[in-house]
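Trainee: I'm new to this one, could you walk me through it?
Mentor: Gladly, let's open it and take it piece by piece.

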Amino acid sequence: MSRHCQVTEAVPGFGHNVPWSKKKTARRFNVNVQTKRYWVPSLGRTVKLTVSARGIKVIDARGIDAVVADMLARGVKL
């Protein structure tokens, strides 16, 4: 499973581990993604989404119907 959010389109960031000796090594900052099922009344079915913690908050604030409509407009397959 790729670590990206379907709602906010957040993807992993990249940077360095920097210890006391200042010898940098590459690292990856993963997105906190969860797999959640939502009932979408406009579609009349449940939808399984891979969403980040921020994406869950967006769905709570705007509503699942509005978020799904935006995702379908972007061309995301549900």
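Mentor: A word on the terms to begin with: strands are DSSP runs of E with at least two residues, and helices are runs of H or I with at least four, numbered from the N terminus. Please also keep in mind that this is a predicted model.

Trainee: Okay, so where is lysine 22 found?
Mentor: Lysine 22 is found in the loop between β1 and β2, the latter covering 25-29. Its phi is near 70 degrees, which is a positive value in a residue other than glycine.

Trainee: And is lysine 22 buried or exposed?
Mentor: Lysine 22 is exposed, because its relative accessible area is 57% and the cut-off for exposed is over 50%.

Trainee: What about the phi of glutamate 9?
Mentor: Glutamate 9 also has a positive phi, near 60 degrees, and is likewise a residue other than glycine. This glutamate is found in the segment before β1, the strand that spans 13-17.

Trainee: Switching topic, how many salt bridges does a search of the whole structure find?
Mentor: The search finds 2 salt bridges. In one of them, the side chains of arginine 74 and glutamate 9 meet, with N to O at 2.9 Å. That pair links distant parts of the chain, since arginine 74 belongs to helix α2 (residues 64-74) while glutamate 9 sits in the segment before β1, 65 residues apart.

Trainee: How accessible are arginine 74 and glutamate 9?
Mentor: Arginine 74 has a relative accessible area of 38% and is partly exposed, and glutamate 9, at 49%, counts as partly exposed too.

Trainee: Which residue forms a salt bridge with aspartate 70?
Mentor: Aspartate 70 forms a salt bridge with arginine 62, and their closest N and O atoms are 2.4 Å apart. Aspartate 70 is partly exposed at 34% relative accessible area, and arginine 62 is partly exposed at 46%.

Trainee: Now the strands, how do β3 and β4 run?
Mentor: Strand β3 (residues 33-40) and strand β4 (residues 45-52) run antiparallel and are joined by 8 bridges. Within this pairing, tyrosine 38 of the chain stands opposite valine 47 in β4. The hairpin they form has 4 residues between the strands, and there glycine 44 takes a positive phi near 75 degrees.

Trainee: Last one, how many aromatic pairs are there?
Mentor: A search of the whole structure finds 0 aromatic pairs. Phenylalanine 29 does have arginine 27 over the face of its ring, however, at 3.8 Å from the ring centre.

Key
Residues are numbered from 1 along each chain as its sequence is written. This is a predicted model: local features need pLDDT of at least 70, side-chain atom pairs count only at pLDDT 80 or more; totals for chains, interfaces and linings use all residues. Side-chain values use heavy atoms; hydrogens and water are left out. Rings of Phe, Tyr and Trp (its six-membered ring) pair if their centres lie within 6.5 Å; planes under 30 degrees apart count as stacked, over 60 as edge-to-face and the rest as tilted. A charge sits over a ring if NZ of Lys or CZ of Arg is within 6 Å of the ring centre and within 35 degrees of the ring normal. Two strands pair if DSSP finds at least two bridges between them. Buried means under 20% relative accessible area, exposed over 50%, partly exposed in between (1.4 Å probe, protein chains only). A salt bridge is a side-chain nitrogen of Lys or Arg within 4 Å of a carboxyl oxygen of Asp or Glu.
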